[in-house]
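Please look at the sequence and the structure before reading on.

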Amino acid sequence: MEAQQEALEYKEATLISLLGNESASKRIQGVQLVEEFDKPDQDIVAALGEKMLADENTNVRLSAMEALSKFSYSEQVKAIFIQALETEENPSIQVALIEILGQLQEKKGHSAPEKIIGKRRYPTLYQKWNQ
């Protein structure tokens, strides 16, 4: 059991280290390491949330969003998604966030879809959001 704990701690340290790397591909590798965890701790979720909210590379933000979506049962993850929906400027990420939150039926960010996508531009998504 102790060896498993050490291996888990090593993976966590590696993940955190890769997320801080200058290379976008290394940061994506770090994001993908989250699949090694059944239930990541708050530090890992916070680090992924930071990448999703603030990384300059769109692919890193998308990878972080996908990784976090596997843990969408977490209130911490839902809060990150809602915050991202209010601040994200990339249309692809905005639409993906709306779809994820729509699946979760999370309505806390309910005014954001209208501001971001509007009824006219994406009527199907807007309708799905308001169901």
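## An aromatic pair

Phe71 is buried, with a relative accessible area of 6%. Here, buried means under 20% relative accessible area, exposed means over 50%, and partly exposed lies in between, with a 1.4 Å probe and protein chains only. The model is predicted, so local features need pLDDT of at least 70 and side-chain atom pairs count only at pLDDT 80 or more, while totals for chains, interfaces and linings use all residues. Residues are numbered from 1 along each chain as its sequence is written, and side-chain values use heavy atoms, with hydrogens and water left out.

Rings of Phe, Tyr and Trp (its six-membered ring) count as a pair if their centres lie within 6.5 Å; planes under 30 degrees apart are stacked, over 60 edge-to-face, and the rest tilted. One aromatic pair is counted by this rule. The ring centres of Phe71 and Tyr73 are 6.4 Å apart and their planes stand at 80 degrees, so the pair is edge-to-face.

## The nonpolar core

A nonpolar core is a set of buried Ala, Val, Leu, Ile, Met, Phe, Trp, Tyr and Cys residues joined through side-chain atoms within 4.5 Å. The largest one has 29 residues, and those with the most contacts inside it are Leu48, Met52, Met65, Leu68, Phe81 and Leu97. Two or more residues of this core come from each of helix 1, helix 3, helix 4, helix 5 and helix 6. Helices (H or I, at least four residues) and strands (E, at least two) are DSSP runs, numbered from the N terminus.

Contact means heavy atoms within 4.5 Å. When neighbours within four places in sequence are left aside, the contacts of Phe81 include Met52, Met65, Leu68, Leu97, Ile100 and Leu101.

## Helix 6

Helix 6 covers residues 91-104, which makes 14 residues. From its first C-alpha to its last it reaches 20 Å, close to the 20 Å expected at 1.5 Å a residue; the expected span is 1.5 Å times one less than the number of residues. Among the buried residues of helix 6 are Ile93, Val95, Leu97 and Ile100.

Polar contacts are pairs of N or O atoms within 3.5 Å; within protein, one must be able to donate a hydrogen and the other to accept it, and residues adjacent in sequence count only if both atoms are side-chain atoms. At the start of helix 6, a side-chain oxygen of Asn90 comes to within 2.8 Å of the backbone nitrogen of Ser92. Gln94, which lies in helix 6, is buried at 11% relative accessibility. The side chain of Gln94 reaches the backbone oxygen of Glu88 at 2.7 Å.

## Salt bridges

A salt bridge is a side-chain nitrogen of Lys or Arg within 4 Å of a carboxyl oxygen of Asp or Glu. Seven salt bridges are counted by this rule. In one of them, the side chains of Arg61 and Glu88 meet at 3.0 Å, N to O. Arg61 lies in helix 4 (residues 58-69) and Glu88 in the loop between helix 5 (75-87) and helix 6, so the pair ties together parts that are 27 residues apart in sequence. Arg61 is buried at 10%, and Glu88 is buried at 8% relative accessibility.

Glu36 and Lys11 also form a salt bridge, at 3.0 Å from N to O. This pair links distant parts of the chain, 25 residues apart. Glu36 is partly exposed at 43% relative accessibility, and Lys11 is partly exposed at 29%.
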